[in-house]
Amino acid sequence: MSFSVMLEQLSSGMVKSLGIFVLTLVFSLPLGLLVAFGRMSKNRLLQNIIKVYISVLRGTPLMLQLLVVYFGPYYLFGMRIGGTYRFLAIIIGFSLNYAAYFAEIYRSGIESMPVGQYEAATVLGYNKIQCFFRIIFPQVVKRILPAVTNEVITLVKDTSLSFSLAYAEMFTIAKQIAAAQTTFMPFVVAAIFYYVFNLVVAVTMEKIEKKLSYYQ
Amino acid sequence: MNLLEMNHIRKHFDGLEVIQDISLSVGEGEILSIIGPSGSGKSTMLRCATMLEKIDAGEVLYMGERAACVTEDGRQIYPKGEEAKQIRSYFGLVFQNFNLFPHYSVMKNITDAPITIQKRKRDEVYEEARSLLKKMGLEDKENAYPCQLSGGQCQRVAIARALALNPRILFFDEPTSALDPELTGEVLKVIRSLADLQIAMVIVTHEMAFARSISDRVIFMDKGVVALEGKPDAVFDSDNGRIREFLGKIAER
């Protein structure tokens, strides 16, 4: 196999990795906010359910969670798996897992806000929703950005866990080529791909941080 | 009818009675100062009046409309939704530490609530905000952010922000306590200039000379009760032991 063919195959895998990355963020970032609300809810039952959710998803391997989401429906309900469900299972697994982490990051940001901001908004007549989305949340975003960057970088590398469901993203393909051709080269190329991907992520996040540095 | 009426208010924190059966009222355009030692319940009284703190007994009325009340069996009743919004529109509050929104420019701090909450026209609100800023001596700061301003400037923005909602009564919770003496002067000057706006003001302050000269009426609070109330001269020159002791301590500084 020529180097260019290998590069081509890995690139197509990269596109799939990118797909997992983007979709996971699209779903887990809003879901994480909802989970954070549940975690901070005054309703004790809801709060405890969410605590268990976060505890389990943070306390077990993501790879294992992917296997459970993928194979679980088959063993539990005899559902036919495979086909498009493979990709769906990956997105569900990743989103649920990352939402748990993001929830705690949101919570740390929200709880760090001075109570005076809520009080000022309340006295000015903002209702709870207006207060949160106009006053609190924009400031929370700025506060949690470094922590979110950490998670996002981890997510780039975590997409490789999809190999456990034999989904043809970059790492799975690299492994296949390496095994078939008994060469180490695909791993080197994959490493470079991941690194460049993360470099782009880090630079982008830094830009956003800079953009938000107009206030303290 | 009184603008604000607080009847038989009680408030306790963890069994400590911070406010013990206080009643007070404020008329249209009246300027009332509340003085007294730390921990006497002055700020708590303001926080009860502005619905930031729930009362344990009594009732709060604005223009005869009920803002808070506690029933015989101890249930706290607070208005909700539109009713609450209506009542909140009667008053404004200026905090000790300003509580400006750091992510908003000075202009946006002042105009956001009138535009998004009161649904007023943007152009009209901006025009009004500019004239308020002028009154505050901050006409060149509308695009600045709070972190670029001095404490005195921040507090003046906070006053403009409260005034932009056209309240009938404005509460000041130790507006100069976070400022050094030089900046205190500029804020007091601005508050003084509001006296002719015909807005009622309730000012919790440690600036005795200021309280004496600006107020129509002064309340001296001590240990959760109103110890003395009356015209400024009557209160400050009273030979009541507690206020003499308090004023003596302040004069020693």
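**Loops, helices and cores**

Analyst: In chain B, the loop between strand S4 (57-62) and strand S5 (65-70) holds B:Met63. The model is a predicted one.

User: Is B:Met63 buried or exposed, or partly exposed?
Analyst: The relative accessible area of B:Met63 is 22%. Buried would need under 20%, and exposed over 50%. B:Met63 is therefore partly exposed.

User: What is the phi of B:Met63?
Analyst: B:Met63 is not a glycine.

User: Where does B:Phe98 lie, and is B:Phe98 buried or exposed?
Analyst: B:Phe98 has a positive phi near 65° and is a residue other than glycine. Its place is the loop between strand S7 (91-94) and H3 of chain B.

User: How are H3(B) and H5(B) oriented to each other?
Analyst: Helix H3 (residues 106-116) and helix H5 (residues 151-163) of chain B have axes that come within 8 Å and cross at roughly 25°. Angles under 35 degrees count as roughly parallel. H3(B) and H5(B) are therefore roughly parallel.

User: Which residues make the contact of H3(B) and H5(B)?
Analyst: The crossing of the two helices, H3(B) and H5(B), is right-handed. H3(B) contributes B:Val106, B:Asn109 and B:Ile110. From H5(B) come B:Val157, B:Ala160 and B:Arg161.

User: How do the residues of the contact of H3(B) with H5(B) divide?
Analyst: The residues fall into nonpolar, polar and charged groups. The count is four nonpolar, one polar and one charged.

User: What is the secondary structure of chain A?
Analyst: From the N terminus on, the elements run α-α-α-α-α-α-α-α. The C-alpha trace of chain A spans about 70 × 45 × 25 Å along its principal axes. The secondary structure comes to eight helices and zero strands.

User: In chain A, what share of the contacts with a separation of 6 or more joins residues 24 or more positions apart?
Analyst: Chain A has 216 residues, and buried residues make up 44% of them. Among contacts with a separation of 6 or more, the share from residues 24 or more positions apart is 74%.

User: How are H1(A) and H4(A) oriented to each other?
Analyst: The axes of helix H1 (residues 3-39) and helix H4 (residues 84-111) of chain A come within 6 Å. They cross at roughly 45°, in a right-handed crossing. The contact residues divide into 20 nonpolar, four polar and three charged. By their angle, H1(A) and H4(A) are therefore oblique.

User: Which residues does A:Ile144 touch, not counting residues up to four places away in sequence?
Analyst: A:Ile144 sits in helix H6 of chain A and is buried, with a relative accessible area of 6%. A:Phe102 is 42 residues away in sequence and 9.7 Å away in space, C-alpha to C-alpha. The residues that A:Ile144 touches are A:Ile105, A:Tyr106, A:Ser108 and A:Gly109.

User: Which residues are in contact with A:Gln139, leaving aside its neighbours within four places in sequence?
Analyst: A:Gln139 is in helix H6 (residues 128-158) of chain A. At 4% relative accessible area, A:Gln139 is buried. Its contacts are A:Met113, A:Gln117 and A:Tyr215, together with B:Pro102 and B:His103.

User: Which residues touch the most other members of the largest nonpolar core?
Analyst: This core has 100 residues. Apart from it lies another core of 37 residues, including B:Tyr126 and B:Phe172. In the largest core, the residues asked for are A:Tyr126, B:Leu4, B:Met6, B:Val60, B:Tyr62, B:Ile169 and B:Phe171.

User: Which residues are in contact with B:Ile191, leaving aside its neighbours within four places in sequence?
Analyst: B:Ile191 lies in helix H6 (residues 181-194) of chain B. Its relative accessible area is 0%, so B:Ile191 is buried. Its contacts are B:Ile159, B:Phe172, B:Pro175, B:Met201, B:Ile203, B:Phe210 and B:Ile214.

How values were computed: Residues numbered from 1 in each chain as written. Chains lettered and ligands numbered in written order. Predicted model: local features only at pLDDT ≥ 70, side-chain atom pairs only at ≥ 80, totals over all residues. Heavy atoms only, no water. Axes fitted to C-alpha atoms, helices over the stretch in contact; angles between N-to-C directions. Helix = DSSP H or I, 4+ residues; strand = E, 2+ residues; numbered from the N terminus. Parallel < 35°, antiparallel > 145°, perpendicular 65-115°, else oblique. Left-handed = near helix turned anticlockwise from the far one by under 90°. Contact = heavy atoms within 4.5 Å. Nonpolar A, V, L, I, M, F, W, Y, C, P; charged D, E, K, R; others polar. Core = buried A, V, L, I, M, F, W, Y, C linked by side-chain atoms within 4.5 Å. Buried < 20%, exposed > 50% of the residue type's maximum accessible area, 1.4 Å probe, protein only.
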